[in-house]
Each structure stands twice: as structure tokens, then as C-alpha cells.
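Hello,

Here is the structure for your files.

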Amino acid sequence: MGDTARRIVACIAVENTIAEVYNYCSNRFDEARDFFSDLSREEVNHATILEVAGGYESAGKLPKDIVPVNLPNIFATLDFIVGVYDKVKGKDVSLKDALDLALAMENSKVESYLMETLTKDTDDKVIHNLRKLLLDERSHIEKIQEFIQQRGL
Ligand SMILES: [Fe+2]
Ligand SMILES: [Fe+2]
């Protein structure tokens, strides 16, 4: 497996772990159940998009600008997300704490690169195909900030 393929696999692990965190939050915070379960579903979708990107990569068709950050960076992010997961499981964590932790996860480079790559202007067919799988999703940072405001948290 080449370096790019490895990076994609590691990014899939990041997306799936974030999905787990949101799934946990949706079970824990009744008042935000649907909000978190939507986010969780979208993270699983990101993992799927990356799996498709991995397919393009193994066929030698992946555009250069879709290559994620280097492996040590991705693993550092994964460590960070696992740490967030531990924190969010703490017994005194409020909904507001969980949302702040969610924003910290979403601010990681690994989490934002897919959205940044797939939403920019390009004529590349592969990027267009992958973008279709995004289904016009808005950034999670935006969604979380909006939710915090709506609930007055
Ligand atoms: Fe994601
Ligand atoms: Fe996200």
C-alpha cells in the first residue's frame, strides 16, 4: 500500500471515530438527539466518500489536491479525537461542553480537508463525483455554532 492509500485509510479511521463520538452524544443528550445523530450519519458518509477516493487512488485516478495531510498528522488527530471521546464520556460533561469539544474536533485539519477539497471550484471529474456524495452538506462548524446560538448555550 502506498503512502497516499495509507493516509486515506487513516482518515477513514478519523471520520469513523468522530461518528462514534457523535453517536455517543446523541444517546447521552436527549435534548440534542437528532442533531448529533445527523452529524454522526454525515461522518459515516465522509468515511464512505474516502473509501471511494481510495478506489480512485488504487486506479491511479486520484487528483493530487485531494491527498490528505501526512500520516503523523493524521495519527496525531486520531489521538486527539480519542482523547475527546474520553472527555465527553466524563460524568459531569454538559451539552455545552460536548458542543465545545465537537467544535475542537471539527477544527482539526484532517476533519476539514475533505470539505475544503470537495467544495472548491474545479473541473476535475473525480472531485465532482466525490462531491455528489457530499449531498450539499454544510460545514459542521457552521451547524454546531448555529445550534449553540439557537439553544442559547
Ligand atoms: Fe467528517
Ligand atoms: Fe464533521
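Of the 153 residues of the protein chain, 25% count as buried (20 or more other C-beta atoms within 10 Å of a residue's own, with C-beta atoms placed from the backbone). This is a predicted model: local features need pLDDT of at least 70, side-chain atom pairs count only at pLDDT 80 or more, and totals for chains, interfaces and linings use all residues. Residues are numbered from 1 along each chain as its sequence is written, and chains are lettered from A and ligands numbered from 1 in the order in which they are written.

The fold: the protein chain has seven helices and zero strands (DSSP runs: H or I, at least four residues, for helices; E, at least two, for strands). The C-alpha trace spans about 50 × 30 × 20 Å along its principal axes.

Ala 53 touches Ile 8, Leu 62, Ile 66 and Leu 130 (C-beta atoms within 7 Å), leaving aside residues up to four places away in sequence.

The helix pair: the axes of H1 (residues 3-28) and H2 (residues 33-58) come within 8 Å and cross at roughly 170°. Axes are lines fitted to C-alpha atoms over the stretch in contact, with angles from 0 to 180 degrees between N-to-C directions. H1 and H2 are therefore roughly antiparallel (over 145 degrees).

Best wishes

Notes
Parallel < 35°, antiparallel > 145°, perpendicular 65-115°, else oblique. Buried ≥ 20, exposed ≤ 12 C-beta atoms within 10 Å, placed from the backbone. Contact = placed C-beta atoms within 7 Å.
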